[in-house]
Amino acid sequence: MTQPAPKGGRLARQAAMLCQDPAFRLYLDRRRRHKQGLTEAQLPDGTHNEQDARDWLCAACQIESRAELDHNPTAAAMLRTIKQRFTHWKTRQGALA
């Protein structure tokens, strides 16, 4: 008998809202450009959509579904790290604006 899929809770909702945030998707665009040495012409702002953000987040947290965040302490810790890095990036962007 297969086990039912874990139900998402607070962390899954936070992750979903993060993926819906246009600023987070812009962060992913710029992060990828920086990491891969790409130009803005090669990877323009606005490239990552909500599904891309979800896929990236799941890969970064090593999960199949955001619902797992509420049941996997390692994945939850990675989500916290991602949110901290994003917040730090947003703060730096405000200082540059």
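Buried means under 20% relative accessible area, exposed means over 50%, and partly exposed is in between, using a 1.4 Å probe and protein chains only. By that scale Asp55 is partly exposed at 37%.

Some ground rules. This is a predicted model: local features need pLDDT of at least 70, side-chain atom pairs count only at pLDDT 80 or more, and totals for chains, interfaces and linings use all residues. Residues are numbered from 1 along each chain as its sequence is written, and side-chain values use heavy atoms, leaving out hydrogens and water.

Now the salt bridges. A salt bridge here is a side-chain nitrogen of Lys or Arg within 4 Å of a carboxyl oxygen of Asp or Glu. The structure has 3 of them.

Start with Asp55. Its partner is Arg54, with the closest N and O atoms 3.5 Å apart. Arg54 is partly exposed, at 22%.

Next, Asp45. It bridges to Arg30 at 2.8 Å, N to O. Arg30 sits in helix H2 and Asp45 in the loop between H2 and helix H3 (50–61), so this pair ties together parts 15 residues apart in sequence. Asp45 also bridges to Arg33, at 3.0 Å, N to O. That pair is 12 residues apart, with Arg33 in helix H2. Arg30, Arg33 and Asp45 therefore form a network. Arg33 is buried at 10%, while Arg30 is partly exposed at 29%.

Last, Arg25, also in helix H2 (residues 22–36). Helices are DSSP runs of H or I, at least four residues, numbered from the N terminus. Arg25 is buried but has no salt bridge; Glu50, the nearest side chain of opposite charge, is 4.8 Å away. What does the side chain of Arg25 reach at 3.1 Å? The backbone oxygen of Cys19.

How values were computed. Helices (H or I, at least four residues) and strands (E, at least two) are DSSP runs, numbered from the N terminus. Lys and Arg count as positive and Asp and Glu as negative; His and the chain ends are not counted. A polar contact is a pair of N or O atoms within 3.5 Å; within protein, one must be able to donate a hydrogen and the other to accept it, and residues adjacent in sequence count only if both atoms are side-chain atoms.
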